Amino acid sequence: MTFEEIKNVLQHKTVGIAGAGGLGSNCAVALARVGIGTLIVADFDVVSESNLNRQYFFYNQIGKPKADALKANIQRINPAVTVIARKICLTKENIPILFRDCDIIVEAFDRADQKEMLIETVLTEFPEKPLIIGLGTAGWGKNDAIHCRKVDNMFICGDEISEIAPDLPPIAPRVGIVANMQANVVLEILLK
Amino acid sequence: MKIILNNNPETLEGDSITINHLLQLKNFTFKMLIIKINGILVQKGDYEITAIHDGDEVSVLHLISGG
């Protein structure tokens with residue numbers, strides 16, 4: 001497909017991004033660059049200085065809500081993308097409402113218990129919707145361990161073993177690889 | 001009985017096994033899990049009462065923090 005043909009397909013598609021942190025912000029930017037039609041981004045948090053080692057925000061955005069800051073950044077990259085920025089904490093009650101019209105949902109949470117809640121909710125409410133999960137993003141090097149594994153409509157991106165820890169922080173290169181892998185899987189599904 | 005666990009064939013004793021028993025057997029000690037049998041999610045509260053049978057495809061996903 002030419003890039004024009006790709007844009008013609010993507011402009012009619014909607015992707016939900018659950019969490020606008022390391023995975024979510026980078027995945028959203030990659031999808032915005034290629035011309036996704038609509039992004040629904042949900043995150044209740046604000047940008048802090050410690051986020052800047054991996055999240056797609058800038059120094060002068062410290063203190064701003066992440067959903068709003070990410071929307072602003074995306075509009076500067078590609079004004080044609082519609083970004084619906086929701087400053088909310090996602091729950092099993094509001095996930096089915098917020099992501100109902102998404103073609104694909106990207107799981108980009110930080111905590112394992114939040115990931116569990118989201119995956120359970122999507123598998124219960126929308127078992128047919130592709131769900132792109134980010135799992136195992138911490139540290140550096142070990143490129144070969146990062147993979148994408150399909151289980152029914154779930155696509156698991158990451159190495160599935162590197163959990164964040166004080167001596168194994170999540171940092172831009174590896175987090176960016178997994179986030180872009182998630183975006184790449186989104187394209188694979190939408191451009192079939 | 002023979003099952004597929006995370007894409008790998010496994011042979012287990014008996015005709016059926018509960019999910020909790022399988023988790024103990026395989027030393028799956030992580031607390032945050034997603035378990036599907038034949039493509040259907042099993043709710044956490046049902047791990048003790050849900051049985052796996054011969055021919056089932058089981059996937060156990062360990063969730064870890066980071067993202």
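In the predicted model, Leu33(B) stands opposite His62(B) in β7(B), where strands, like helices, are DSSP runs numbered from the N terminus (strands being E runs of at least two residues, helices H or I runs of at least four). Residues are numbered from 1 along each chain as its sequence is written, while chains are lettered from A and ligands numbered from 1 in the order in which they are written. As the model is predicted, local features need pLDDT of at least 70 and side-chain atom pairs count only at pLDDT 80 or more, whereas totals for chains, interfaces and linings use all residues.

β4(B) and β7(B) pair in the antiparallel sense over 5 bridges, two strands being taken to pair if DSSP finds at least two bridges between them. β4(B) also pairs in the antiparallel sense with β5(B), residues 40-42, over 3 bridges, and Ile37(B) has Ile40(B) as its bridge partner there. These two strands form a hairpin with 2 residues between them, and in the turn Asn38(B) has a positive phi of about 50 degrees. A positive phi, near 75 degrees, is also found at Asn7(B), a residue other than glycine, in the loop between β1 (2-5) and β2 (8-11) of chain B. Asn7(B) counts as exposed because it has 10 C-beta neighbours inside 10 Å; with C-beta atoms placed from the backbone, a residue is buried if 20 or more other C-beta atoms lie within 10 Å of its own, exposed if 12 or fewer, and partly exposed in between.

The contact between the chains takes 12 residues from chain B and 27 residues from chain A, two residues being in contact if their C-beta atoms, placed from the backbone, lie within 7 Å. On the side of chain B that touches chain A, the elements giving two or more residues are β4 (33-37) and β7 (57-62) of chain B.

In chain A, an open sheet of 7 strands has the order β3-β2-β1-β4-β5-β7-β6, with mixed pairing. β3 (82-86) and β6 (147-151) of chain A stand at the edges with a single partner strand each, so one side of each is left without a neighbour in the sheet. Strand β2(A), residues 38-42, runs parallel to β3(A) and is joined to it by 5 bridges, with Val41(A) standing opposite Ala85(A). In the loop between β6 and β7 (154-158) of chain A lies Asp152(A), which has a positive phi of about 55 degrees although it is not a glycine. Asp152(A) counts as partly exposed because it has 17 C-beta neighbours inside 10 Å.

Helix α2(A), residues 22-34, has 13 residues that should span 18 Å at 1.5 Å a residue, and its end C-alpha atoms are 19 Å apart, which agrees; the expected span is 1.5 Å times one less than the number of residues. Of the 13 residues of α2(A), 11 are buried, so the helix is largely enclosed by the rest of the structure. The cover over these buried residues includes β1, β2, α3 (66-77), β4, β5 and α6 (172-190) of chain A. Just after the helix, Gly35(A) takes a positive phi of about 95 degrees.

The largest nonpolar core has 65 residues, and those with the most contacts inside it include Cys27(A), Ala28(A), Leu31(A) and Leu39(A); such a core is a set of buried Ala, Val, Leu, Ile, Met, Phe, Trp, Tyr and Cys residues joined through C-beta atoms within 7 Å. Leaving aside neighbours within four places in sequence, Leu39(A) is in contact with residues including Ala28(A), Leu31(A) and Ala32(A).
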